[in-house]
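I wanted to get to know this chain by looking things up one at a time. Here are my notes, in the order I made them.

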Amino acid sequence: MHQKNDSKINIWKEFANKTNGIFKEGYSWQSDSVVITYKNWKIIFDNYTLWSGKYSTEMTRIIVPINSNNDFRFEIYKEGLIRKIEKLFGAQDIQIGSEDFDKAFIIKSNNELKIKSLLRSTVIRSLFFDIKDVNIQISDQKGIWEQKLPENQFELSFYLDGKTADLQKLNQILELFKIILNELHQMSII
């Protein structure tokens, strides 16, 4: 007689337990997820499959729906070979005046002053270096390549390649989100 092996750890259950989040069991095409309430925001962690034609890739996704009358958007991601080639051919990015940070990350925004103000925080910049695989943005569309959100609705989102089982990294991203949400609120953006 075989016993069912329950020793496999569900990262989302464990993360919910450690963060006082709410674990939601997935169904059909949706993965298990964790919802963490922070002040007036819901930070959602899950896995996401990005489809492009007949190819797909698994990602870990963190999103926070936000409301704003301010059209502030940004994207910050790790410098990589493709991005270096984009720079050679004239893709523009914002420099914040921190040599190490400017060298390691690509920053794009529709408001240079506001993104520089957000990234003046040494704690935020330090978390970016600790997390390493940064791909964070405020966008007016749901997910990647999905529909445009209604007016004044945005998503603060973060994507990691693959399904992560790294609780330390998830906690670092959670901390980053809390700090960014606080900063955006203090800047009267959200």
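What follows is what I looked up, entry by entry.

**Entry: confidence**
I began by noting that this is a predicted model. The mean pLDDT of the chain is 87, and 87% of the residues come in at 70 or more. Then I checked residues 1-6, where pLDDT stays under 50. I found zero contacts beyond four places in sequence for that stretch. Where pLDDT is low, the predicted coordinates should not be read in detail.

**Entry: strands**
Next I looked up strand S4, residues 55-67. It runs antiparallel to S3 (residues 41-52), with nine bridges joining the two. One pairing I wrote down is tyrosine 48 with methionine 59 in S4. S3 and S4 make a hairpin with two residues between them. In that turn I spotted glycine 53, with a positive phi of about 65 degrees. S4 also pairs with S8 (residues 153-161), again in the antiparallel sense and over nine bridges.

**Entry: arginine 61**
Is arginine 61 buried or exposed? I looked it up: its relative accessibility is 15%, and the cut-off for buried is under 20%, so arginine 61 counts as buried. This residue lies in S4, and its bridge partner in S8 is tyrosine 159. Which side chain does arginine 61 join in a polar contact of 2.7 Å? That one turned out to be aspartate 46. Leaving aside neighbours within four places in sequence, arginine 61 is also in contact with other residues, including Ile44, Phe45, Tyr48 and Phe158.

**Entry: helix H5**
I moved on to H5, residues 122-131, and noted Ile124, Arg125, Leu127, Phe128 and Ile131 as buried. Looking down the axis of H5, I saw these buried residues fall within an arc of 160 degrees, so they line one face of the helix. At the N-terminal end, serine 121 is the cap: a side-chain oxygen lies 3.3 Å from the backbone nitrogen of valine 123. After H5 comes lysine 132, with a positive phi near 70 degrees.

**Entry: the core**
Last, I looked up the largest nonpolar core, which has 48 residues. The members touching the most others are Phe45, Ile76, Phe128, Ile136 and Phe158. Helix H6 (residues 167-186) gives the most to this core, with ten residues. I then listed what phenylalanine 128 touches, not counting residues up to four places away in sequence: Ile76, Phe101, Phe105, Leu119, Val134, Ile136 and Leu176.

Terms used:
Residues are numbered from 1 along each chain as its sequence is written. This is a predicted model: local features need pLDDT of at least 70, side-chain atom pairs count only at pLDDT 80 or more; totals for chains, interfaces and linings use all residues. Side-chain values use heavy atoms; hydrogens and water are left out. pLDDT is the predictor's confidence in each residue, from 0 to 100. Contact means heavy atoms within 4.5 Å. Two strands pair if DSSP finds at least two bridges between them. Helices (H or I, at least four residues) and strands (E, at least two) are DSSP runs, numbered from the N terminus. Buried means under 20% relative accessible area, exposed over 50%, partly exposed in between (1.4 Å probe, protein chains only). A polar contact is a pair of N or O atoms within 3.5 Å; within protein, one must be able to donate a hydrogen and the other to accept it, and residues adjacent in sequence count only if both atoms are side-chain atoms. The arc is that of the directions from the helix axis to the C-beta atoms. A nonpolar core is a set of buried Ala, Val, Leu, Ile, Met, Phe, Trp, Tyr and Cys residues joined through side-chain atoms within 4.5 Å.
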